[in-house]
Amino acid sequence: MSFILHDPATVSASLEIRSDARAAGRARRFAVEKLGEWGCAEIEYSAELICSELATNAVVHGRTGPREEDERICLVLTLRPGAGLLIQVADNSSALPLPRVTGPEAVSGRGLRLVAELADAWASWPNSGGSGKRVWVYLRLSAVRNGALHHPLRPVTEGQRTARAGAAHNEHSHHRGRNRDH
């Protein structure tokens, strides 16, 4: 991801969020606001969901102290125009996230699988010094991924459905760089 961080056209914004029940909503609003300012409506929906899931995971799994103790989550959005968006969320726990296999009756445990489906790549690593971790997600910035907008939870027109079918065939034939949980 160094190609994003070292490009002079790159823009970045960060937000420190209190690790509490309102963190996911704050992360969503921040992502929508920044992507709107940056003219990135094409990935706004996916970025909003990803920021919400990562903030929720940071609250649920990333706290290291008692609930009454003030802990923070750091959300960073970095955009390289014409290339992609890097989303980073840091919390206090050094335990790395792992997607879970859940049954149909489970009320939680699907967040990282959703992130993996929406993202072009994602990973996590512990912070240097052994305290805390950072999760990053990369979304390609292309209004059209092989001819169809990539919003799997939104209605799809017949033309988009046809384009997606062709894109899916091409993606599975030339699958590279996607970090997915199967």
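## Salt bridges

Eight salt bridges turn up in this structure. A salt bridge here is a side-chain nitrogen of Lys or Arg within 4 Å of a carboxyl oxygen of Asp or Glu. Keep in mind that this is a predicted model, where local features need pLDDT of at least 70, side-chain atom pairs count only at pLDDT 80 or more, and totals for chains, interfaces and linings use all residues. Residues are numbered from 1 along each chain as its sequence is written, and side-chain values use heavy atoms, with hydrogens and water left out.

## D70 and R18

Let's start with D70 and R18, whose side chains meet in a salt bridge at 3.1 Å, N to O. This pair ties together distant parts of the chain, 52 residues apart: D70 sits in the loop between helix 3 and strand 2 (72-80), and R18 in strand 1 (residues 11-18). Helices (H or I, at least four residues) and strands (E, at least two) are DSSP runs, numbered from the N terminus.

How exposed are the two? D70 has a relative accessible area of 41%, so it's partly exposed, and R18, with 39%, is partly exposed too. The cut-offs are under 20% relative accessible area for buried, over 50% for exposed, and partly exposed in between (1.4 Å probe, protein chains only).

## Two more pairs

R22 and D20 also meet through their side chains, in a salt bridge of 3.8 Å, N to O. R22 counts as exposed at 53% relative accessibility, while D20 counts as buried at 17%.

Then there's R140 with D120, a salt bridge whose closest N and O atoms are 3.1 Å apart. Here, too, distant parts of the chain are linked, 20 residues apart: R140 is in strand 5 (residues 133-140), and D120 is in the loop between helix 4 and strand 4 (121-126). R140 is partly exposed at 36% relative accessibility, but D120 is buried, with a relative accessible area of 5%.

## Helix 3 meets helix 4

Now for the helices. The axes of helix 3 (residues 41-61) and helix 4 (residues 111-118) come within 10 Å and cross at roughly 150°. Axes are lines fitted to C-alpha atoms, for helices over the stretch in contact, with angles running from 0 to 180 degrees between N-to-C directions.
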